[in-house]
Amino acid sequence: MSIAPKPRSALLIVGHGSTQNPDSSAPYFEHAEQIRRRGLFAEVHCCFWKEEPSMREASYLFDSDEIYVVPDFISEGYFTQDVIPRELQLSGPTTVLRGKTFHYCLPVGVHPSMTDLILRRAKEVAPDADPAATTLIITGHGTGFNKNSTKAIHDQVALIAASGAGYAAVVAAFMEEAPFIADWDQLALTPNVVVVPFFISDGLHSYQDIPVLLGIETEIGPAASQREVFRHNPHSLRGKSLFYSSAIGTEPLIADVILDLIGDFDISHKITNEPVATIFPQSVEPLTSSQKLLHAIANGVHRIGEIEIGIVVSNDRLELNDQITKPTTETSDSNQRFSLCHAADVALRDANGAPGLTTYAGPGAAREIAAYAEDGTYRFLHAQRNLRRGWLLCLDTVEDLRLALDQFYPACVGLWLAQQDASLEVEHLRDKLQRQSGMYQRVRSLSNEALQELVPLTCSSAVPCARHLLWQVDADTPLLPSAASHRRGLPDDVPAAAAIPLLCREACNHWVAECLAAAKAAKSATPVSQ
Ligand code: SF4
């Protein structure tokens, strides 16, 4: 199905993310970029459960008044039915919140076209294997935590078995429940076996755990981007030829599934493609956030966190900071081009460019630059002061600049603009902890004293987070003075008016994970009553 352009609407792709593996969120950004390139929506962004931007920060990414929310999840369950509606404050298929209309679509994994994608992926990974001599295994996690993901795999097995694809057998197998993927050779009677992981991303399970269970690897290795586990098919193991594919969610056609889900939503909820009504007449439409950013740069803003924002003049030379501290007609030009580099590398730029720096182009490169620190550490907290040096990123438009800044410091431009127009909503820690569900509910039991102790430990750890803490324990309990609570989210070496502050409007999910660890430690330290 192709959908008509929605130039006044936005798309929000929601994913799980990971604090351990940057490859976990890669497919979501790739799906977003594919859809963005088609020009169907005014804006396309991602948000995550485990990474930044969080779901609550997501609304600060958008200017549009109508937002389609698509969970890039493999099945319905805890996240799609509980976590996402709670975090995005959705009350049904369509929710109007603070003047914006959110449409909540089904998750990608339940769409009928997933069956074709699995078959396509199986053919890609084993193009010469005769289906009649091949067993196709669809594998997932298993266990009772999410029965729906197990059901989704069994459903796909039944659909493919009935599809006429010609496989000798199609079976389901799981990491943590029978039939076990570790027994793949006993599940298959054929000489060829194709294994397709039914996950969205190549995270810990598909890249690290399952290869060990299959016998491809002897021990769990590093993250996907540093591995070549899928490039050595077929594997001759246990007397068979084993073909192992990457996760089904990495299939580029998932972008089409996302669009199909939006088309289905429109049909089933009778949503027409009429322009969304706006309270502003055409002549006085408010500035977009990109236009506001452009004006701020024209008025001397040139720093965010560890990043220096430069402009590129028409003869392709880089303008240095002291030349852009005053507004000029040139810097108000919507065709303006920009450059970003580490603030410590400004001296390496010169009139001929930046010969000492590796040059990248386009906002997509920002994610790659920001992913790892110099020492190889994964930077899941983007405001940590360990951004690597040695690069120059060139951007052709202010929209690309905004996208790149949202990769380096997720949602921070939007949070800053919201603070300026007094629309920024801060959520205090008790409110955040109170809405936790599942195993995270136990964080509610932590005392105020325990929470106060966690602030410097979590926000000013070995590599401090640079964000300015706007939240308190609760409305009446400010944070105790500490290095973390004193930060203002601004660099020390430029005037405040020249920088976009990094703001923290609520405790991040890394913070909540630390709370959970503290709550568990407190419980295990409590003496058992006799
Ligand atoms: S809660 Fe602390 S560590 Fe997390 S984003 Fe905010 S300032 Fe950074």
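Modeller: Bearing in mind that this is a predicted model, helix α9, which covers residues 289-298, and α12 have axes that come within 11 Å and cross at roughly 80°.

Biologist: What does that make α9 relative to α12, parallel or perpendicular?

Modeller: Roughly perpendicular, because crossing angles of 65 to 115 degrees are counted that way, and so α9 is placed in that class relative to α12.

Biologist: Which residues in α9 and α12 meet?

Modeller: From α9 there are Ser-289, Lys-292, Leu-293 and Ala-296, and these meet Val-413, Trp-416 and Leu-417 in α12. Sorted by class, the residues of this contact of α9 with α12 are five nonpolar, one polar and one charged.

Biologist: And where do the axes of α11 and α12 cross, at roughly what angle?

Modeller: Helix α11 spans residues 398-408 and helix α12 spans residues 412-420, and their axes come within 8 Å and cross at roughly 105°, which means that α11 is roughly perpendicular to α12. On the α11 side the contact is made by Arg-402, Leu-405 and Asp-406, and on the α12 side by Cys-412, Val-413 and Gly-414. The residues of that contact of α11 with α12 divide into three nonpolar, one polar and two charged.

Biologist: Switching topic, where does the ligand sit?

Modeller: The ligand is in the largest cavity, and the residues around the ligand are Leu-381, Cys-459, Cys-465, Arg-467, Leu-469, Trp-471, Cys-504, Ala-507, Cys-508 and Trp-511.

Biologist: How many of the shell residues are nonpolar, polar or charged?

Modeller: The shell around the ligand has nine nonpolar residues, no polar residues and one charged residue.

Definitions and conventions. Residues numbered from 1 in each chain as written. Predicted model: local features only at pLDDT ≥ 70, side-chain atom pairs only at ≥ 80, totals over all residues. Heavy atoms only, no water. Near = heavy atom within 4 Å. 1 Å grid on protein atoms, 1.4 Å probe; cavity = no way out; pocket = protein on both sides within 12 Å on 5 of 7 lines; lining within 4 Å. Sits in = over half its atoms within 2 Å of the grid points. Nonpolar A, V, L, I, M, F, W, Y, C, P; charged D, E, K, R; others polar. Axes fitted to C-alpha atoms, helices over the stretch in contact; angles between N-to-C directions. Helix = DSSP H or I, 4+ residues; strand = E, 2+ residues; numbered from the N terminus. Parallel < 35°, antiparallel > 145°, perpendicular 65-115°, else oblique. Contact = heavy atoms within 4.5 Å.
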